[in-house]
Amino acid sequence: MSRIAHIELDDAGLPPPTPEIEQERRVAMFDLMEENSFVLPARDDRTVPPGPYRVGLSIREKRLVFDVATEDHEKAAEFHLSLSPFRQVVKDYFQICKSYFDAVKTLPPSQIETVDMARRGIHNEGARILQERLEGKADIDADTARRLFTLICVLHFGG
């Protein structure tokens, strides 16, 4: 069972999210719990505790922190990733999301679709960066990376 069974965002101290950001968070968490792939590879001849896993996601000291435990709360792994590779794509994602939310209110479906395609492209880029940054630490599929990238954006919202 190499999957995430529970995820918790440490958003303490962040300003309350907008309704749109809160909706993105709810959808990403629901979809993540419905289906995901999260594998901790063997490292340095250490035994990897089997999943499913509980994952805490936070930003501490300007670093993205994955705190991974077993369902029994046994520490399985912790990794800290630099936020630098994510900064521009998160900024771009927020800008295109704002454009998308505005478009939904006023534009015809054909123009909404164009903005949504751009939004998906930026989202895919963020997911790709996350997969690269997790290489050797955790193996995740593209859909899991997309959902986790959304949650990383939620944590960036106030930071």
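Modeller: A cavity here is a set of points, on a 1 Å grid over the protein atoms alone, where a 1.4 Å probe fits but cannot get out; lining residues have an atom within 4 Å of a point. Grid points are joined across faces, edges and corners, and the volume is the space filled by probe spheres set on the points. This is a predicted model, where local features need pLDDT of at least 70 and side-chain atom pairs count only at pLDDT 80 or more, while totals for chains, interfaces and linings use all residues. Residues are numbered from 1 along each chain as its sequence is written, and side-chain values use heavy atoms, with hydrogens and water left out.

The whole structure holds one cavity of 30 Å³ or more. The largest cavity has a volume of about 50 Å³. Its lining consists of Ile21, Glu24, Tyr93, Phe94, Cys97, Phe101, Thr150, Cys153 and Val154. Helix 1 (19-34), helix 2 and helix 4 each give two or more residues to that lining. Helices are DSSP runs of H or I with at least four residues, numbered from the N terminus. Helix 2 gives the most, with four residues. By class, seven lining residues are nonpolar, one is polar and one is charged. Nonpolar covers Ala, Val, Leu, Ile, Met, Phe, Trp, Tyr, Cys and Pro; charged covers Asp, Glu, Lys and Arg; the others, Gly among them, are polar.

Take the lining residue Tyr93. Tyr93 and Phe149 form an edge-to-face aromatic pair, 5.6 Å centre to centre with 70 degrees between the planes. Pairing needs ring centres within 6.5 Å, and edge-to-face needs planes over 60 degrees apart. Tyr93 sits in helix 2 (residues 84-106) and Phe149 in helix 4 (residues 142-157), 56 residues apart. Both are buried, that is, under 20% relative accessible area (1.4 Å probe, protein chains only).

Now Glu24, also in the lining. Arg119 forms a salt bridge with Glu24, the closest N and O atoms being 3.3 Å apart. The criterion is a side-chain nitrogen of Lys or Arg within 4 Å of a carboxyl oxygen of Asp or Glu. Arg119 lies in helix 3 (residues 109-133) and Glu24 in helix 1, so the pair ties together parts 95 residues apart in sequence. Both partners are buried.

Arg119 also meets Asp116 in a salt bridge (3.2 Å, N to O). Asp116 and Arg119 both lie in helix 3, three residues apart. Asp116 is buried too. Shared partners join Glu24, Asp116, Arg119 and Arg120 into one salt-bridge network.

Methods: Rings of Phe, Tyr and Trp (its six-membered ring) pair if their centres lie within 6.5 Å; planes under 30 degrees apart count as stacked, over 60 as edge-to-face and the rest as tilted. Buried means under 20% relative accessible area, exposed over 50%, partly exposed in between (1.4 Å probe, protein chains only). On a 1 Å grid over the protein atoms alone, a cavity is a set of points where a 1.4 Å probe fits but cannot get out, and a pocket is an open set with protein on both sides within 12 Å along at least five of seven lines; lining residues have an atom within 4 Å of a point.
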